[in-house]
Amino acid sequence: MKVISAFAALAAIVAAHGDHEHDQAPIQGPHKGLWYNTLPGDGGTQADSVFSGISTFGRIQYHPCLASEHHKYDIAFIGAPFDTGTSYRPGARFGPSGIRQGSRRLNLYGGYNVPLDANPFNSWAKVIDCGDIPVTSYDNAFALLQIEEGHNAILSRAPFTDAKKPGPSKKGKTLPRVITLGGDHTITLPLLRSVNREYGPVSVIHFDSHLDTWKPKVFGGAPSLQASINHGTYFFHASQEGLLANDSNIHAGIRTTLSGPSDYENDGYCGFEIVEAREIDTIGTAGIIKKIRERVGTKKPVYLSIDIDTLDPAFAPATGTPETGGWSTRELRTIIRGLEGINIIATDIVEVAPAYDTNAELTTMAAADVLYEVMTLMVKRGPLSMTVGDEEEEALAGGELKA
């Protein structure tokens, strides 16, 4: 009994001493200073932990652009959740949300792109996520129309920067840039139709393991007009519709099987040059970059379309039509960075099907990182008003180049 009483007395003394020495008021909340901190160094503002909150691309500002015509931007991300044009594994309708999820930590440390020496999240450009275009999954023809009209509504608006300055569009205006999150590769056809309405025929840089210029009777058999437009034929239709600038388009990363050599002949008729994936073993990333730059130049408007299956399935397993023997994520990012100075007016990334990914989100992170490089290229190129030369600007001012 005496021992127990001694311990009880000692406990009472310790408790009293602790209360006396460490007495403090409980923390009160909320604390806005903890939510919206200015990051040290050259970074911007971190809203909250990157693993919480609503997903937008790179955690940039969200605005439902299709619900309002008043919001201004210089670069807009828009989703096109369509996958009923795929020939093998469906699921790319979940690509936009998956890519956004994979992009969460892009600006975890402030977003500065070391190889390109720029921060696309903290620059002259106002960049926002416009959400997704409403797309039906029951009618392909109507879905493609929805994508074209939705994209054009985003593309054709006056930008936040240099809205009143001359630009390279058909009407001589400066327009914003649009980055589309697919979706299977069929979406590139309505996107090119939208771009054509503003710019006319454009040069295309196409990263893919497949040609996607097949004649409908070769790819799918084309039992109907609607069936003839799919993720393997959209460039054939784009060529037939006059959406592509002749002999200034290029594929990179090609390694698919063919129906025969005539597929390559048809590809040439569609206006493309081909860089095979295996060429990286002989000419390296520098040689591939050189071929692309020589093909499209740096002045004319260029549309960039990226199929995630350009990457080897080891790096991007979550795609509709995987092909082994592809590039690594590092190699593709290096090649994309090598496109600096090219006049990219719009971009898409397609065929990301998150259901086939690993728990580590390999594919969605790869897609997000590739777009991070593209976004940085756009920021470094400056507003599209800067792509107009002095002579052309004088002609625009004088009304000589008006559509």
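**View 1. The lining of the second largest cavity in this predicted model, sorted by residue class.** By class, this lining has 5 nonpolar, 1 polar and 3 charged residues. The residues concerned are Arg177, Leu339, Glu340, Gly341, Ile342, Ile344, Leu377, Met378 and Arg381, and the space they line amounts to about 30 Å³. Helix α11 supplies 3 residues, the largest share of the lining of the second largest cavity.

**View 2. Helix α11, residues 362-381.** Of the 20 residues of α11, 17 are buried, so the helix is largely enclosed by the rest of the structure. At 1.5 Å a residue, the 20 residues should span 28 Å, and the end C-alpha atoms lie 29 Å apart, which agrees with that expectation. Just after α11 comes glycine 382, which takes a positive phi of about 85°.

**View 3. The largest cavity and its lining.** With a volume of about 50 Å³, the largest cavity is lined by Asp74, Trp124, Pro159, Thr161, Thr174, Leu175, Pro176, Arg177, Pro383 and Leu384. Sorted by class, the residues of this lining divide into 6 nonpolar, 2 polar and 2 charged. The model holds 2 cavities of 30 Å³ or more.

**View 4. Tyrosine 88 in the loop between β4 (75-80) and α3 (95-102).** Tyrosine 88 has a relative accessibility of 58%, and because a residue over 50% is called exposed, tyrosine 88 counts as exposed. Leaving aside residues up to four places away in sequence, tyrosine 88 touches Gly320, Thr321 and Pro322. The C-alpha atoms of tyrosine 88 and threonine 319 are separated by 9.6 Å, although these two residues stand 231 residues apart along the chain.

Conventions. Residues are numbered from 1 along each chain as its sequence is written. This is a predicted model: local features need pLDDT of at least 70, side-chain atom pairs count only at pLDDT 80 or more; totals for chains, interfaces and linings use all residues. Side-chain values use heavy atoms; hydrogens and water are left out. Helices (H or I, at least four residues) and strands (E, at least two) are DSSP runs, numbered from the N terminus. Buried means under 20% relative accessible area, exposed over 50%, partly exposed in between (1.4 Å probe, protein chains only). Contact means heavy atoms within 4.5 Å. The expected span of a helix is 1.5 Å times one less than its number of residues. On a 1 Å grid over the protein atoms alone, a cavity is a set of points where a 1.4 Å probe fits but cannot get out, and a pocket is an open set with protein on both sides within 12 Å along at least five of seven lines; lining residues have an atom within 4 Å of a point. Grid points are joined across faces, edges and corners, and a volume is the space filled by probe spheres set on the points. Ala, Val, Leu, Ile, Met, Phe, Trp, Tyr, Cys and Pro count as nonpolar, Asp, Glu, Lys and Arg as charged, and the others, Gly among them, as polar.
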